[in-house]
Amino acid sequence: MHWVDPRTLTLTVPDGDRLLPTAVRELDAAGIQVERATGVPPTLDDVFLALTGRTLRDADAATATTSTPTTTPEGANR
């Protein structure tokens, strides 16, 4: 759960598309007005972060700093 500002809450949940209508009904029943509710499917980066704890950008940066260039022995292309 992440509060973007005092009126905006973001949640990341499995099966969000299925749970969103239920959440809106529950909030309405509790007297909490929902002005807008949006379901957004996860991006590849969201899934990678959930599985590894790192973003794809972090993973690319780590790979770039640990990779060593490969060299071709002299005359190998002849």
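Local features need pLDDT of at least 70, and side-chain atom pairs count only at pLDDT 80 or more, while totals for chains, interfaces and linings use all residues. Residues are numbered from 1 along each chain as its sequence is written, and side-chain values use heavy atoms, without hydrogens and water.

Start with confidence. The mean pLDDT (the predictor's confidence in each residue, from 0 to 100) of the protein chain is 82. In that chain, 82% of residues reach 70 or more.

Next comes the fold. The protein chain holds two strands and three helices (DSSP runs numbered from the N terminus: E, at least two residues, for strands; H or I, at least four, for helices). Their order from the N terminus is β-β-α-α-α. Among these elements, helix α1 (residues 16–29) has the highest mean pLDDT, 93. Helix α3 (residues 56–66) has the lowest, 76. Where pLDDT is low, the predicted coordinates should not be read in detail.

Last, the largest pocket. About 1,400 Å³ of space lies in it (a volume is the space filled by probe spheres set on grid points joined across faces, edges and corners). A pocket is an open set of points on a 1 Å grid over the protein atoms alone, where a 1.4 Å probe fits, with protein on both sides within 12 Å along at least five of seven lines; lining residues have an atom within 4 Å of a point. The largest pocket is lined by 33 residues, and Leu-9, Thr-10, Leu-11, Leu-20 and Thr-38 are the closest to its centre. Elements β2 (8–10), α1 and α2 (44–52) each give two or more residues to this lining. The largest share, seven residues, comes from α1.
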